[in-house]
Amino acid sequence: MVSDAEVAETEYTAFTGRKKAEQVTARLIARRVRRLNPQAATGQGELFDSWRYHPVFTNSPFGMLQAELHHRQHAVVEQAIVDGKSSALAHLPSGNFQANAAWLALWAMSHNLLRAAGALASAFHAKDTTATLRAHLVHVPARLARTARIKLTAHLSANWPWQGAYQDLFEAVHHSPSTP
């Protein structure tokens, strides 16, 4: 993955307004990424660069780039945990071991299926939370119609903003494999 991110490091003392024993001195690592303007015309330069900043306060023994990479990877795991707590993991612990195991298995399967569906639907949905994926791709505003009890058809709303992503997902899942 190619990125134009820039990373810098300095020593920083936190909690300076408190007692000397409560102050913490460690490394402050800042990563900045250029914010691109999607509305700008192709080839048109920017008058002023705008950046997104991501600071990390750490006492990690790793080098600057390794510590920053470790922090970003940790943030991905934490986001998956937060995502789980907003769905099936909210039912844990229930007091029953089998029920806990069932909720955990259901969460793992639904999380993996939704992540795969998001990646197949669009680049936008590949990075979304599972709550957004459920709202955009699972809770579909469609009218079901059956023809002579043979074929079930879903008629999507004409103004539904996620219709293209849903159709891409449907075609990717139902696409027959090509023979060599």
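Among contacts in the protein chain between residues at least 6 apart in sequence, what percentage join residues at least 24 apart? The value is 41%. Here are my notes on the model, point by point.

1. **Confidence.** Please keep in mind that this is a predicted model. The mean pLDDT of the protein chain is 84, and 88% of the residues reach at least 70. If you look element by element, strand β1 (residues 6-14) has the highest mean, at 92. Strand β5 (residues 151-156) has the lowest, at 83.

2. **Overall layout.** You will find five helices and five strands in the protein chain. Going along the sequence, their order is β-β-β-α-α-α-α-β-β-α.

3. **Surface and burial.** Of the 180 residues in the protein chain, 19% are buried. The accessible surface amounts to about 13700 Å², and carbon and sulfur atoms account for 59% of that surface.

4. **The largest pocket.** By type, the lining holds nine charged, five nonpolar and four polar residues.

5. **Who builds the pocket.** At least two lining residues come from each of β2 (24-34), β3 (51-58), α1 (64-85) and α2 (97-121). Which element gives the most to the lining of the largest pocket? That is α1, with six residues.

6. His111 sits in helix α2. Is His111 buried or exposed? His111 counts as buried because its relative accessibility is 14%, and the cut-off for buried is under 20%. Setting aside residues up to four places away in sequence, His111 touches Ala80, Asp83 and Thr130.

7. Ala80 belongs to helix α1. With a relative accessible area of 26%, Ala80 is partly exposed. Apart from neighbours within four places in sequence, Ala80 is in contact with Trp107 and His111. Thr130, which His111 touches, is 50 residues from Ala80 in sequence, yet the two C-alpha atoms are 9.1 Å apart in space.

8. **Phe62.** The loop between β3 and α1 contains Phe62. Its relative accessible area is 40%, so Phe62 is classed as partly exposed. Beyond its neighbours within four places in sequence, Phe62 makes contact with Arg27 and Ala67.

9. Most peptide bonds are trans, and most residues other than glycine have a negative phi. Against that background, have a look at the peptide bond between Leu92 and Pro93, which is cis with an omega of about -15°. Pro93 lies in the loop between α1 and α2. The other spot is Phe15, a residue other than glycine whose phi is positive, near 60°. Phe15 is located in the loop between β1 and β2, and its relative accessibility of 44% makes Phe15 partly exposed.

Methods. Residues are numbered from 1 along each chain as its sequence is written. This is a predicted model: local features need pLDDT of at least 70, side-chain atom pairs count only at pLDDT 80 or more; totals for chains, interfaces and linings use all residues. Side-chain values use heavy atoms; hydrogens and water are left out. Helices (H or I, at least four residues) and strands (E, at least two) are DSSP runs, numbered from the N terminus. Ala, Val, Leu, Ile, Met, Phe, Trp, Tyr, Cys and Pro count as nonpolar, Asp, Glu, Lys and Arg as charged, and the others, Gly among them, as polar. pLDDT is the predictor's confidence in each residue, from 0 to 100. Buried means under 20% relative accessible area, exposed over 50%, partly exposed in between (1.4 Å probe, protein chains only). Contact means heavy atoms within 4.5 Å. Accessible areas come from the Shrake-Rupley method with a 1.4 Å probe; for residues, only the protein chains shown count as cover.
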